[in-house]
Amino acid sequence: MGESAIEARGLRKVFTTLVRKPGLAGAVRSLLAPERESKVAVDEVSFGVAEGELVALLGPNGAGKSTTIKMLTGILTPTAGEVRVGGRVPQQDRIANAKLIGAVFGQRTQLWWDLPALESFSVLRDIFEVADGAYKRRLEELDGLLQLSSFWNLRPRHMSLGQRVRADLAASLLHDPPTVFLDEPTIGMDAIAKEQIRGFLRHQVAERGRTVVLTTHDMGEVSRLAKRAVLINQGRVVYDGGLAELHREYGNGWKVKVIVDGVLPELPGFLGNEGEAMVFGGEDHDEQRRLVRLLLDRDDVRDVQIHGDDLEEVMTTVYRKRGAMLA
């Protein structure tokens, strides 16, 4: 990883809406003497992302993730605070910023609904002023990674969800942006399609050095792709750090269940029995590894099951503890 690709400092976003009273009298009152209320969606959010880093931006529904992403991409202007992507303020120079970033929003497509995907790619080539030679090379590379040519003559309305997201990913990368924002890119996909997208993202980070900010509710996706997570709750950052550290600080430790035909000597971490299985547990993962090695060296062990922390449960613990601190 290199220098900072994304910097968010003290981001705050307040939405103001008109309060509408019920009935005809309420409608007239709203027209003559409008009453407004404000809602803070994001409050003092600060974090950075290094070049070539994949960071998971996580949080429950309504936590402020999507609002944060929209400020980072330049779609929304912060009420307060500062954003820089590639050294530029996205809201001040939207055209230059558009050439620096790619974005995929799982519920929306940037493809033209009634054009074959390949024609949409050609339109995007012209919009971003990509030279013909570079466009051809990138399209060939993306086709090799995403198998686009098998369906790129289809209109998006006739594509499966997995095909459409693959086409959207290609569309977001045709101009070769160094930074990519992905908001729920695999929502609704089956397991095979998800793994294909994950493999593609690993390649983009490891081989192409792209910076990726990913929001998702799929914790399996986070575990497979990210080493670092930024957790947002109630519009504020409640955790920013590595997934391993997250597990250590907020997890419930490890468990190992073993079924053995013989008699085990006294081993550390024994918690009790569940049926015919002996259960061991603790928080020291070095101790877990030593235990597993001892068990695997025995000929009379019939079954060993290793259980780590569930990331979703760990995150729930973070939200509960840090949320109480913010309240």
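This is a predicted model: local features need pLDDT of at least 70, side-chain atom pairs count only at pLDDT 80 or more; totals for chains, interfaces and linings use all residues.
## Basis

Local features need pLDDT of at least 70 and side-chain atom pairs count only at pLDDT 80 or more, while totals for chains, interfaces and linings use all residues. Residues are numbered from 1 along each chain as its sequence is written, and side-chain values use heavy atoms, with hydrogens and water left out.

## Overall make-up

The protein has 11 helices and 13 strands, taken as DSSP runs numbered from the N terminus (helices H or I, at least four residues; strands E, at least two). Of its 327 residues, 47% count as buried (under 20% relative accessible area, 1.4 Å probe, protein chains only).

## Nonpolar cores

A nonpolar core is a set of buried Ala, Val, Leu, Ile, Met, Phe, Trp, Tyr and Cys residues joined through side-chain atoms within 4.5 Å. The largest has 50 residues, and those touching the most other members include L58, F121, L148 and L169. Helix α6 (residues 161–173) contributes the most to this core, with 6 residues.

Leaving aside residues up to four places away in sequence, L169 touches V104, L146, L182, I197 and F200 (heavy atoms within 4.5 Å). A second, separate core of 24 residues includes F47, V49, A63 and L76.

## Helices α6 and α7

The axes of α6 and helix α7 (residues 191–206) come within 11 Å and cross at roughly 15 degrees; the axes are lines fitted to C-alpha atoms over the stretch in contact, with angles from 0 to 180 degrees between N-to-C directions. Therefore α6 is roughly parallel to α7 (angles under 35 degrees).

V165, R166, L169 and L173 of α6 make the contact with Q196, I197, F200 and Q204 of α7.

Notes. Angles under 35 degrees count as roughly parallel, over 145 as roughly antiparallel, 65 to 115 as roughly perpendicular and the rest as oblique.
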